[in-house]
Amino acid sequence: MKLKLLDKYIFTQVFLTCFGCIFIFMIVWIMPEILLKTIQRTISGDYTVEMAISILVNELPKVLNIALPVGMLLGSILTFEKMSKDFEITVMRGAGFPFFRIIASVIILSVLVSGFTFIVGSKFLPSSACKLKAIKGENRVSQFVFPVKDEDGAMNKILIVPNFDNNNIKDVIVLNFYDKNKKGSSLLSSILVSDYVKYDYNTWTLNSAKKYNISKEGVFNEIGEVSNFNVLSGKSAKNAYKLMKYSVNRDRELTNPQISEYIKLLKQERMDDEYRFMLNKYIQRYVHSFMCILFAILGCLLGFSKPREQKFIGMLIAVGIIFAYYITIPFFDLLAEKAVLSPWITSMIAPVVSIVLIIILKKMKDL
C-alpha cells in the first residue's frame, strides 16, 4: 500500500464526514432558534422576505464558527470508528504504520480547517454581526463609565454616560473627588450634570451643566450652573471617546485590529475588569482555531478501537468534550474578568486539557 494513496484515502473520508457533520450541526443549531424566530418575525410583518434571507445568511458565520471544531471532532471519530470496524486500522497497524503517520493527512486537514476557522472568526463574523445589527436596526445603548486617575492611581473623577447612541452623548454625570492629600473630607467634592456633551478637537465640553458642590461633611452646600465646561482634554479625552465607541459593540462585532486597539486603550486607562475580559476573548480567537487540530487528534484516538469493542463509548466521550468546551467558556470569561485567574490561563485551559487527554488516550490504547 503506497503511503500517498493511504493519505489520500483517509483525507477524503475524513473530509466528507466532517463536512456532513458540520452541515448537520448547523442545521440542528439554526433550525430551533434562528430560523424559527426569523420565520415568526417575517409572518408578523416585522421582517420582509429579503430581510429574513439576509438575516439567515449573516447568521451563518456565527454558527459556522462554532460548528467547525465540532465537525473535526465528530468527523474524525466517525471515520476511524468505521475504519476500525472494517479492519482497515488493524491492517495499517500490522503493516507497521505508527499512529501519527496514519493520521498525518487528518492533521493536515485540521490545520486547513483551523486557518479557515480563524478567518471566519476574525473576518466574516465581525462583518456579518455588524450587518445584522444594521438590518435589524439595533443601536445598542450602553452605559459608559470612564474613571480618570492620577499618576499614583488615586481617583480624580468619574465620567458617567448613561445614554450613548452612536455620536449622541447625553445625560452626562461627572463625579469629582477631593485631592487625596486632604484629610477629614468626603470623597466627592462636586457633581456635574449635563443634558448634552460636545466632543470636538479631543475635548469633552459640558453644555449648560448643573454643579452640586459637596462639603467636607458630605452634604450639598451650593448648587450652581456652569456653561461650556471642559471636563476632559488631550489624550484622556481622545481615549475616552474611542473607548465609548468600542463599548457599544460586542466582542464578536470587532475585528482583530479593533479588539487589539480596544485592549491597549483599556490598559492605558487602567480599566482592569474590561481589559481582562477583552484580552481573554482576544486570545480565545486564536485558541478556538487551534482547537480544530486538537479535536481532530482526539477524534482519531477515540475512533481507534478493536473490531468488537463498543462504539458508542467514544462518541459519548466526544459529546461530553464538546459540551464541556462550550459550556465553560462563559465561566472562564468571568474568572478572567474578576481577576481570579489570568486571561492567559483561562484561555489556555481548554487546549491544555485536550493535550492531556490526547496523551492519556494514546497510552491507554497503546498507540
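Predicted model: local features only at pLDDT ≥ 70, side-chain atom pairs only at ≥ 80, totals over all residues.
Colleague: At what angle do helix α8 and helix α9 pack?
Modeller: Two packed helices are described by the angle between their axes and the distance between the axes. Here helix α8 spans residues 272–303 and helix α9 spans residues 312–327, with axes that are 10 Å apart. Angles over 145 degrees count as roughly antiparallel, and α8 is therefore roughly antiparallel to α9, the two packing at an angle of about 165°.

Colleague: How many nonpolar residues does the contact of α8 with α9 have?
Modeller: From α8 the contact is made by H288, M291, F295, L298 and L302, and from α9 by G314, I317, A318, I321, Y325 and Y326. Sorted by class, this contact of α8 with α9 has two polar residues and no charged ones, while the nonpolar residues number nine.

Colleague: What is the handedness of the crossing of α2 and α9?
Modeller: Helix α2, residues 49–85, packs with α9 at an angle of about 165°, and their axes are 10 Å apart. That angle makes α2 roughly antiparallel to α9. For α8 and α9 the crossing is right-handed, and the crossing of α2 and α9 is likewise right-handed.

Colleague: How many charged residues does the contact of α2 with α9 have?
Modeller: On the α2 side the residues are N65, I66, P69, V70, L73, L74, I77, L78 and E81, and on the α9 side they meet G314, M315, A318, I321, I322 and Y326. By class, the contact of α2 with α9 has 12 nonpolar and two polar residues, and the number of charged residues is one.

Colleague: How many disulfides does a search of the whole structure find?
Modeller: A disulfide is a covalent bond between the sulfur atoms of two cysteines, and the cut-off applied to the pair is 2.5 Å. For C21, which counts as buried at 12% relative accessibility, the closest cysteine sulfur is that of C18 at 6.4 Å, too far for a bond. For C292, buried at 0%, the closest cysteine sulfur is also in C18, at 9.6 Å and too far for a bond. Over the whole structure, the number of disulfides found is zero.

Colleague: Is N256 buried or exposed?
Modeller: N256 is part of helix α7, residues 256–268. Leaving aside residues up to four places away in sequence, N256 touches F118, S122, Y282, R285 and Y286. The relative accessibility of N256 is 11%, and the buried class takes in values under 20%, so N256 counts as buried.

Colleague: What distance separates the C-alpha atoms of F15 and S110?
Modeller: F15 is found in helix α1 and counts as partly exposed at 41% relative accessibility. Along the chain, F15 and S110 are 95 residues apart, and the distance between their C-alpha atoms is 9.4 Å.

Colleague: What distance separates the C-alpha atoms of G20 and L192?
Modeller: G20 is found in helix α1, which runs over residues 3–43, and at 24% relative accessibility G20 counts as partly exposed. G20 and L192 are 172 residues apart along the chain, and the separation of their C-alpha atoms is 60 Å.

Definitions and conventions: Residues numbered from 1 in each chain as written. Heavy atoms only, no water. Axes fitted to C-alpha atoms, helices over the stretch in contact; angles between N-to-C directions. Helix = DSSP H or I, 4+ residues; strand = E, 2+ residues; numbered from the N terminus. Parallel < 35°, antiparallel > 145°, perpendicular 65-115°, else oblique. Left-handed = near helix turned anticlockwise from the far one by under 90°. Contact = heavy atoms within 4.5 Å. Nonpolar A, V, L, I, M, F, W, Y, C, P; charged D, E, K, R; others polar. Buried < 20%, exposed > 50% of the residue type's maximum accessible area, 1.4 Å probe, protein only.
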